[in-house]
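Please have the sequence and the coordinates at hand.

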Amino acid sequence: MSPEIRRAAIFSTARGCGFAALAIVTGMIGFVSEPVLALKIGGVSFLLSAAILVLKAWHAPRKPFRDTEVWLLLDEVHRPMAAYAQAAISGARIEAFYRFAHMAATIAAVLLASALIASVLAGG
């Protein structure tokens with residue numbers, strides 16, 4: 001798979017995940033007066049984001065390559081031939097989805113562990 005396809009898949013996925021992260025952090029800020037609840041909300045939300053990304057990775061091979069944002073982001077000269085495009089674009093999207101799912105799950109683990117520690121410290 002070409003670096004251009006990989007870069008377009010990462011860019012497309014990062015943009016969507018960035019908007020999701022912005023929404024999650026905004027929701028957490030809304031509960032700033034209750035930090036343990038804010039951390040739990042953030043942790044569960046990022047965990048849900050990771051699950052959605054895994055589901056998107058599972059369904060990526062079934063989505064026609066011409067209907068993906070990756071295809072639209074590629075310049076004409078970097079677009080692969082149709083025979084190769086489905087496998088290349090699906091593979092790049094799967095890789096990007098799993099990469100960002102791993103990041104979201106890691107953030108969720110940190111937030112939920114922080115919520116646990118904060119609740120123990122606040123209760124004691």
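## Basis

This is a predicted model, in which local features need pLDDT of at least 70 and side-chain atom pairs count only at pLDDT 80 or more, while totals for chains, interfaces and linings use all residues. Residues are numbered from 1 along each chain as its sequence is written, and side-chain values use heavy atoms, with hydrogens and water left out.

## Helix α1

Helices are DSSP runs (H or I, at least four residues), numbered from the N terminus. Helix α1 covers residues 3–30, and its end C-alpha atoms are 40 Å apart, which agrees with the 40 Å that its 28 residues should span at 1.5 Å a residue. The expected span is 1.5 Å times one less than the number of residues.

Relative accessible area sorts residues into buried (under 20%), exposed (over 50%) and partly exposed (in between), with a 1.4 Å probe and protein chains only. Buried residues of α1 include Ile5, Ala8, Ala9, Ile24 and Met28. Their cover includes α2, α3 (69–73) and α4 (82–123).

## Arginine 93

Arginine 93 belongs to helix α4. Arginine 93 is buried but has no salt bridge, and the nearest side chain of opposite charge, glutamate 69, is 8.0 Å away. For charge, Lys and Arg count as positive and Asp and Glu as negative; His and the chain ends are not counted. Leaving aside residues up to four places away in sequence, arginine 93 touches Ala9, Ala60, Lys63, Thr68 and Val70, where contact means heavy atoms within 4.5 Å.

## Salt bridges

A salt bridge requires a side-chain nitrogen of Lys or Arg within 4 Å of a carboxyl oxygen of Asp or Glu. By this rule there are 3.

Arginine 6 pairs with glutamate 95 at 2.9 Å, N to O. This pair links helix α1 to helix α4 across 89 residues. Arginine 15 and glutamate 69 meet at 1.9 Å, N to O; arginine 15 lies in helix α1 and glutamate 69 in helix α3, so this pair ties together parts 54 residues apart in sequence. Glutamate 76 and arginine 79 form a salt bridge at 3.1 Å, N to O. Glutamate 76 counts as exposed at 63% relative accessibility, whereas arginine 79 is partly exposed at 23%.

## Nonpolar patch

Val44, Leu47 and Leu112 make a nonpolar surface patch of about 240 Å². Patch residues have over 30% relative accessible area and no salt bridge, with nonpolar side chains (Val, Leu, Ile, Met, Phe, Trp, Tyr) joined within 5 Å and like charges within 9 Å. Areas come from the Shrake-Rupley method with a 1.4 Å probe; for residues, only the protein chains shown count as cover. Leucine 47 is in helix α2 (residues 35–59) and is partly exposed at 44% relative accessibility.

Terms used: Helix = DSSP H or I, 4+ residues; strand = E, 2+ residues; numbered from the N terminus.
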